[in-house]
Structure formats: structure tokens, C-alpha cells
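Here's a walk through this fold, one piece at a time. Have the structure open and follow along.

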Amino acid sequence: VNGCISDPKLLLRKQGGKIGDKIILTKAIGTGALFAADMRAKCRGVLVEEAIKSMTSSNRTASRVAMEYIQNETLQEEDGSLCQKPVHSATDVTGFGLAGHLLEMLIANDDGKDESGAPMERIAAILFMNQIPYLQGGLEAVQDGILSSLYRENFRSRRAVTNHKEALEKFPARYPLLFDPQTAGGLLFFVSSSICDRFIESLQENGVIAASVIGELIEFSPNAVETCQMGMDCGSDTIGRIFIQ
């Protein structure tokens, strides 16, 4: 990608999320499982068309809406200071799946410093499974036992999920799609709770219909999780980062 920007402060990076931020996703997930099913002639054409429509919808609109909020919104923090960047961080959801890219954003703060030079807040996330947008074809593929060939590698990110076993039992079709690799997936934003509702409205009014609040950021307490139950090498920087609700 080539280009330039007049003000580097307008750039959105993976780090920058703050405790209390809302997590916003702009496109439905499930393309990996859906097209794995399609390759086996086990996905209805109308569902393939739904996925293609989502994939060919540019992220440009959502990006422009975010830039408008960064340029035009000024918020007052609890300590009285002014915040001129209510959209704190962003990334796109692609090959690592929703869980993998969310995890990247969560751990990005660990060694970061804010504009004043102070260490960034260490953050974890609560995900609201029933509020995440899913492609129907992806759900049906999982129900048929069909997953992407890259799913196994992405599933390693389950070590970040505090209540993995409970989540898999409670959401047998939806939970696996957190690890589904996406093609032309949406954007993932961490935004201030004070502008969240208006931000969602702006996205949807501009045609980003799937935009949804899928979770929120909380404080990360690494000492609260001492062991990994998955039988693998799980660093303390990832364990306990995500809680499924």
C-alpha cells in the first residue's frame, strides 16, 4: 500500500484501546467455512451470493466515517482532559480470524506508551456472541462439520479465551467462527463508549449495515490466570485476554 498522510495523528494503529471502549465490527464473519462448504457443493447459491456481496463491499466507507469522528469530535475525559481521538484503534479482520486479530490489538498495548509517554492500559475483552454478525452460510457449514483448512492453525488462539470449554458447549456453531479465516473481512474498531451509539448510526446510515457492537474492553489481570488448560505453551501475554459472553 502506497500513500501519504498530512497528520500522523490521524493514523489508526492496533494499539491504543482503553478500558471501557466498545468493540465494533463492520462485516459478518464466516467466509472461510462458507467457501470450504461451497467447494464441496454443500452451500446454497443464495448464501454464496450473500458472502460475495459482503466481500466486495469496500472498507473505505467505514474508514472515512472513522476519520470524520477523529477530525471532528472532541471528548472530555473523566479527569477533565480533552480527547480528540474518540476512535482509539483499528485493524482489519482477515486470515487470522476475528479472535486472532482481536488478540493482536489487545496485546499491542502491553509495551506501548500514550502521547504523554505513560504506559498504555493493559486490556482484555468481553465478546458478546449473540451480537457478532455471522454469515448464514458460515453457520450452516460449521453445523455440517465443515471448516476452513486454516481453521486448525487459527484455533490455537483459543488459549486466549478464559472460558473456552464453556463457550464451545454453549455456542457450538458460532464459537468456531471466531477462528475462521476471513477473505475481505471487515474492520475492527475500539471506540470510546461516549460516541459508540452515534458511530454505529453513522456507519449504518452510510451503508455499513452489518456494523455491530460486539464487545467491550476491560482491564487485563495476568495474575488472575496461572495455568493453561489446553496442554500447550501459553504465554502470560495471551492467557485470559478474551471472555465469551
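## Strand β6 and its neighbours

Let's begin with a pairing: strand β1 (residues 22-25) and β6 run antiparallel to each other, joined over 4 bridges. If you want a residue pair to look for, Lys-22 has Val-191 as its bridge partner in β6. Strand β4 (residues 87-92) also pairs with β6 in the antiparallel sense, this time over 5 bridges. Here Thr-91 has Leu-188 of β6 as its bridge partner. Keep in mind that this is a predicted model.

## The whole sheet

Zoom out and you'll find 6 strands in an open sheet with mixed pairing, in the order β4-β6-β1-β7-β5-β8. The edges are β4 and β8 (242-244), each of which pairs on one side only. From one strand to the next, the twist averages 25°.

## Helices on the sheet

Two helices are worth a look here. Helix α4 (residues 97-108) lies across β1, β4, β5 (123-127), β6, β7 (212-219) and β8, and runs at about 40° to β6. Helix α8 packs on the sheet too, touching β1, β4, β6 and β7. The direction of α8 makes about 5° with that of β1.

## Where α3 meets α8

Besides touching the sheet, α8 has a helix partner. Helix α3 (residues 60-72) and helix α8 (residues 196-205) pack with their axes 10 Å apart, at an angle of about 140°. That angle makes α3 oblique to α8. As for handedness, α3 passes α8 in a right-handed crossing.

Which residues make the contact? From α3 come Ala-62, Val-65, Ala-66 and Tyr-69, and from α8 come Arg-198, Phe-199, Ser-202 and Leu-203. Sorted by type, the residues of this contact divide into 6 nonpolar, 1 polar and 1 charged.

## Helix α5

Now turn to helix α5 (residues 136-143), whose buried residues are Gly-137, Gly-138, Leu-139, Ala-141 and Val-142. What do they pack against? The buried residues of α5 pack against α1 (31-39) and α2 (45-55).

## The overall tally

Stepping back to the protein as a whole, there are 8 helices and 8 strands. Of the 245 residues in the protein, 48% are buried. Taking contacts between residues at least 6 apart in sequence, 82% join residues at least 24 apart.

Conventions. Residues numbered from 1 in each chain as written. Predicted model: local features only at pLDDT ≥ 70, side-chain atom pairs only at ≥ 80, totals over all residues. Heavy atoms only, no water. Axes fitted to C-alpha atoms, helices over the stretch in contact; angles between N-to-C directions. Parallel < 35°, antiparallel > 145°, perpendicular 65-115°, else oblique. Left-handed = near helix turned anticlockwise from the far one by under 90°. Contact = heavy atoms within 4.5 Å. Nonpolar A, V, L, I, M, F, W, Y, C, P; charged D, E, K, R; others polar. Pairing = 2+ DSSP bridges. Buried < 20%, exposed > 50% of the residue type's maximum accessible area, 1.4 Å probe, protein only.
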